[in-house]
Amino acid sequence: MKTIEVVAAIIVHRGQVLCAQRGDSKLDYISRKYEFPGGKVEKNESLEKALIREIKEELKMDINIRSHFTTVEHAYPDFNIIMHGFLCNVNSRILQLSEHLNIQWLNKHELDNLDWAEADLPIVEKLKVSNYE
């Protein structure tokens, strides 16, 4: 089975985390689920450069990467994913959706209110018990 390496931005602004809803997908288990935005790492690209590029492409947003938060390995029915999550800050909440249906800025105690993609759940759980601000 194919393994995909991706990066995810845990974008924090004024104590709240940016949660992005995926668009429709032929794969029911990720269609319209919430996720931490990001994407695939290209060949010869650092994780940080990939994350900055992906957030610029998907949200037209400039991020400041603070630190690596966690790496998640998850097996979906059709592929495996290795996701590197990074805590990031932004100076402004201004963004432009190009791939996502919706975004929400939530406090950590509100994160359970969303229908998350399975691979993102370990990040959600770690956020709920961490001091990420």
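Visitor: Which residues do ring pairs link into a cluster with Tyr29?
Guide: This is a predicted model, so local features need pLDDT of at least 70, side-chain atom pairs count only at pLDDT 80 or more, and totals for chains, interfaces and linings use all residues. Residues are numbered from 1 along each chain as its sequence is written, and side-chain values use heavy atoms, with hydrogens and water left out. Rings of Phe, Tyr and Trp (its six-membered ring) pair if their centres lie within 6.5 Å; planes under 30 degrees apart are stacked, over 60 edge-to-face, the rest tilted. Ring pairs join Tyr29 to a cluster with Tyr76 and Phe79.

Visitor: Are the rings of Phe36 and Trp116 stacked or edge-to-face?
Guide: The count of aromatic pairs is 4. The centres of Phe36 and Trp116 are 4.7 Å apart and the planes meet at 25 degrees, so this pair is stacked.

Visitor: Are Phe36 and Trp116 buried or exposed?
Guide: Buried means under 20% relative accessible area, exposed over 50%, partly exposed in between (1.4 Å probe, protein chains only). Both Phe36 and Trp116 are buried.

Visitor: Which ring does the charged end of Lys126 sit over?
Guide: A charge sits over a ring if NZ of Lys or CZ of Arg is within 6 Å of the ring centre and within 35 degrees of the ring normal. For Lys126, the distance to the centre is 4.7 Å, and the ring is that of Phe69.

Visitor: In S6, what is the bridge partner of Val72?
Guide: Strands (E, at least two residues) are DSSP runs, numbered from the N terminus. Two strands pair if DSSP finds at least two bridges between them. S5 and S6 run antiparallel, with 10 bridges. Val72 has as its partner in S6 Met83.

Note on methods:
Helix = DSSP H or I, 4+ residues; strand = E, 2+ residues; numbered from the N terminus.
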